[in-house]
Amino acid sequence: MKSPVRRTSYGVKGAPYAHPSPTTALKRARSAPYFFLVPATLLFLLFFALPIGYAVWLSFRKVQVSGLGLGAGAREEVWAGLENYTDALSDSELLNGALRVLGYGCIVVPVMLGLALLFALMLDSEKVRLAPFTRLAIFLPYAVPGVVAALLWGFLYLPDVSPFYFVLDEFGLPQPDLLDGGPLYLALSNIAVWGGTGFNMIVIYTALRAIPAEVYEAAKLDGATPLQIALRIKIPMVAPSLVLTFFFSIIATLQVFSEPTVLKPLTNSVSTTWSPLMKVYQDAFGNGDIHAAAAQATLIALATLVLSFGFLRATNRRNKQEAAR
Amino acid sequence: MPYTKRRRLVSSAVAVALGATALAACGSSSDDGEARSGPVSLTYWTWTPGMDKVVDLWNKGPGKKEQITVTVKKQASGDTLVTKILTAHKAGKAPDLVQAEYQALPTLVSNDALADIGDTVGDVKSKFAEGVWQQTTLGTDAVYAVPQDIGPMMFYYREDLFKEYGLSVPATWEEFAETARELKRKAPDKDLTTFSANDSGLFAGLAQQAGAQWWTTSGDKWKVGIDDDATKKVAEFWGGLVKEGAVDNQPMYTPAWNKALNTGKQIAWVSAVWAPGTLTTAAPDTKGKWAMAPLPQWGDGESSTGSWGGSSTGVTTDSKNKEAAARFAAWLNTDGDALNALAKEGGIYPASTSAQLSGAFMSPPEYFANQPDFYKKAAAIAETTAPSAWGPNVNVAYTTFKDAFGAAAKNKSDFTAALDTMQRDTVADLKKQGFGVAE
């Protein structure tokens with residue numbers, strides 16, 4: 001126990017006799033941090049823990065109807081146990097949605113981060129011209145709201161109204177249906193890549209600018225080419241930002257909602273439950289079953305948590321191994 | 001039903017109690033000596049455009065006399081409003097009046113969100129067609145809403161192009177299929193119409209015309225007949241047309257669809273009485289080139305149609321002034337001036353039969369200036385509307401329709417399999433919620 005030591009030091013430094021008793025002073029000193037924590041804790045409880053707790057509570061309940069279900073008292077909320085969870089896990093639509101999003105993520109994340117890294121390296125090279133303008137031009141799509149971007153691309157994908165198809169038609173080239181089957185994944189990924197590359201590029205570019213110039217000087221004196229500098233110095237040194245952008249991208253991919261929702265009315269290929277979050281939305285607001293929706297939302301949150309922390313732990317372990325080496 | 005009677009007793013008892021407290025409150029605050037309570041203010045959730053102007057007529061006219069003020073809160077239409085009403089009702093804070101589509105009424109009633117207003121509005125029954133009124137009673141002796149607008153289905157076609165390709169207006173669905181094939185032969189890049197899976201109301205209306213009864217009750221059990229013979233016939237018919245490529249399979253209400261209508265790539269549309277409004281924005285260049293005819297029939301000499309759309313005004317169980325709210329609902333949907341304003345501001349087609357041939361409906365819609373007897377014909381068609389049968393989980397059936405038929409239309413695969421999915425999912429949902437379901 002440290003308390004006797006602290007008591008003496010307190011007494012020595014301050015005015016020991018002014019305090020009513022050393023124990024109250026100690027209590028006050030110990031409660032001070034908690035006092036400062038109160039606002040943050042309160043906000044956390046009110047706007048984070050409470051709603052989540054309520055959602056989890058809802059996910060364990062269900063509505064039980066009796067008979068025809070008409071009139072008062074025909075409907076009551078009862079305890080459902082894990083029923084909503086078993087239903088969600090055995091629902092092939094939710095699993096299929098997860099698989100669709102996985103396929104979509106396998107295109108979006110590598111392409112978007114690859115492009116972002118490439119653009120960042122190009123902007124950082126010495127020979128670049130018009131850097132501020134290019135940087136802004138690549139970043140600009142990020143400022144376009146997702147719904148607007150999806151609408152814009154949706155119009156460009158529709159053969160009958162798209163200028164692309166008009167040009168293809170003029171030259172007698174084949175006109176692929178981008179809103180059907182496999183190409184749909186490319187069409188959706190394209191919207192995400194178009195919108196997200198700029199943001200990730202800025203993150204990586206900022207990290208590149210933070211590398212001290214001496215490192216490059218040393219490399220040049222050793223006779224490294226710009227390509228070697230990029231591959232051997234720049235990329236390893238911005239690895240932490242790559243991890244960060246990867247992490248953000250995984251979360252954004254798992255939460256994909258607005259792009260497929262906006263494209264849905266334009267085609268038969270996007271169902272109302274295309275992505276897991278669309279299924280949650282449909283169950284909550286289309287079918288009016290908030291209990292099933294709450295269970296699914298909880299499952300999606302858990303999956304996101306496991307995936308993102310799993311990834312962070314994996315990269316941390318690798319970093320430690322490398323540091324040890 | 002004994003149950004309903006008991007319910008009515010309870011609600012009138014509540015009304016009496018409420019009236020008594022209101023009177024007591026009145027005695028101390030107001031001295032105008034009226035029998036009923038003092039000023040009442042009501043909120044009304046609706047999506048009809050221009051409803052605030054119609055409500056102004058009430059607030060300045062009969063409402064002023066009766067000291068009942070109504071405030072409009074504009075809402076989004078469709079299923080999301082149902083969810084919103086139910087959520088508000090859970091908190092006991094639903095508005096006094098709500099607009100609800102006919103197929104949503106069972107869902108709202110089964111959540112005990114709509115009050116029985118039969119005592120106040122019972123005498124306006126005669127203003128509506130039997131089949132329309134029946135939708136607001138759910139087959140019981142309660143009345144849960146007052147019909148506002150209806151959407152009898154009709155066949156719209158490009159008169160000029162039909163002449164150009166030598167097509168005649170189909171009187172039966174068989175002729176409809178022939179017309180589609182003939183057009184494909186004469187102009188392979190054109191389509192008579194499209195089978196769209198993004199509005200379930202269209203398919204429900206077509207099934208209704210064929211005599212389908214999707215939800216019926218026997219005892220205290222629901223019977224789901226989505227895969228009944230009538231609906232199967234409709235599904236097979238459209239599935240066949242899509243499969244052989246006689247009609248298009250792309251969804252409606254897309255920019256591509258607008259363009260197809262506007263350029264004459266699609267030359268007909270199975271729609272409802274509100275089509276002129278949609279065509280005005282979707283195909284502005286073809287104004288005056290369209291004509292309207294009754295829906296093709298399943299048998300010679302039959303005349304029957306389905307309905308697509310239409311809504312009613314209901315009073316919620318949360319309202320503290322149910323009687324006043326019901327009085328407004330009755331006025332809104334039966335008063336000549338109100339209906340005229342509704343037609344002018346909101347573009348609705350009234351459910352009230354007397355209004356269908358008066359005021360705004362004396363002359364054709366602007367888009368159909370070439371068809372002077374448009375509304376006369378429409379009123380005659382509306383009379384032939386087949387009865388409809390809605391249940392407590394229409395939303396689930398509609399969602400499954402969109403996904404199952406959307407996929408079937410895309411793959412040009414078996415529509416009856418999609419129908420089976422729809423039936424299975426709807427029954428499974430009823431059972432999961434605990435409803436009694438008859439097999």
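A polar contact here is a pair of N or O atoms within 3.5 Å. I needed that cut-off before looking at Thr194(B). I also noted that I am working on a predicted model.

**Entry 1: Thr194(B)**

I looked up where Thr194(B) sits. I found Thr194(B) in the loop between α9 (173-186) and α10 (200-209) of chain B.

Is Thr194(B) buried or exposed? Thr194(B) is buried because its relative accessible area is 7%, and buried means under 20%.

Next I checked what the side chain of Thr194(B) reaches. One of its polar atoms lies 3.2 Å from the backbone oxygen of Asp248(B). For the backbone oxygen of Gln250(B), the distance to a polar atom of the Thr194(B) side chain is 2.7 Å. Both distances, 3.2 Å and 2.7 Å, fall within the 3.5 Å cut-off.

I then listed the contacts of Thr194(B), leaving aside neighbours within four places in sequence. Asp248(B), Asn249(B) and Gln250(B) are among them. The list also holds Met252(B), Trp257(B) and Gln266(B).

**Entry 2: the two domains of chain B**

I took the domain bounds of chain B from the domain assignment. Domain 1 covers 2-150 + 308-365, and domain 2 covers 152-302 + 367-438. I noted that the C-alpha centres of these two domains of chain B lie 30 Å apart.

How many residues are in contact between domain 1 and domain 2 of chain B? I found 17 residues of domain 1 in contact with 35 residues of domain 2.

I looked up the buried area next. Between domain 1 and domain 2 of chain B it is about 2100 Å². Carbon and sulfur atoms give 66% of that area. On the domain 1 side, Gln103(B), Trp308(B) and Pro365(B) lose the most area to domain 2 of chain B. Together these three account for 43% of what that side buries.

I checked for salt bridges across this domain interface of chain B, and the rule finds zero. Polar contacts are there: 10 residue pairs, both partners at pLDDT 80 or more.

Which helices supply at least two residues each to the domain 1 side? I found α5 (105-110) and α7 (130-137) of chain B. α5(B) gives the most to that side, with three residues. By class, the domain 1 side that touches domain 2 of chain B has nine nonpolar, seven polar and one charged residue.

**Entry 3: chain A against chain B**

I moved on to the contact between the chains. Chain A brings 38 residues to it, and chain B brings 41. The area buried between chain A and chain B is about 3100 Å², with 51% from carbon and sulfur atoms.

I counted three salt bridges between chain A and chain B. I looked at the pair Lys432(B) and Asp289(A): they form a salt bridge, with the closest N and O atoms 3.4 Å apart.

I then sorted the chain A side by element. Two strands, β1 (61-65) and β2 (75-79) of chain A, are among those that give two or more residues. The helices α13 (276-286) and α14 (290-324) of chain A are also listed. α13(A) gives the most to the side that touches chain B, with five residues.

Last, I noted the classes on the side of chain A that touches chain B. I have 15 nonpolar, 17 polar and six charged residues there.

Conventions: Residues are numbered from 1 along each chain as its sequence is written. Chains are lettered from A and ligands numbered from 1 in the order in which they are written. This is a predicted model: local features need pLDDT of at least 70, side-chain atom pairs count only at pLDDT 80 or more; totals for chains, interfaces and linings use all residues. Side-chain values use heavy atoms; hydrogens and water are left out. Domain bounds come from an automatic or database domain assignment. Contact means heavy atoms within 4.5 Å. Buried area is the accessible area (1.4 Å probe) that two parts lose on being put together, summed over both. A salt bridge is a side-chain nitrogen of Lys or Arg within 4 Å of a carboxyl oxygen of Asp or Glu. A polar contact is a pair of N or O atoms within 3.5 Å; within protein, one must be able to donate a hydrogen and the other to accept it, and residues adjacent in sequence count only if both atoms are side-chain atoms. Helices (H or I, at least four residues) and strands (E, at least two) are DSSP runs, numbered from the N terminus. Ala, Val, Leu, Ile, Met, Phe, Trp, Tyr, Cys and Pro count as nonpolar, Asp, Glu, Lys and Arg as charged, and the others, Gly among them, as polar. Buried means under 20% relative accessible area, exposed over 50%, partly exposed in between (1.4 Å probe, protein chains only).
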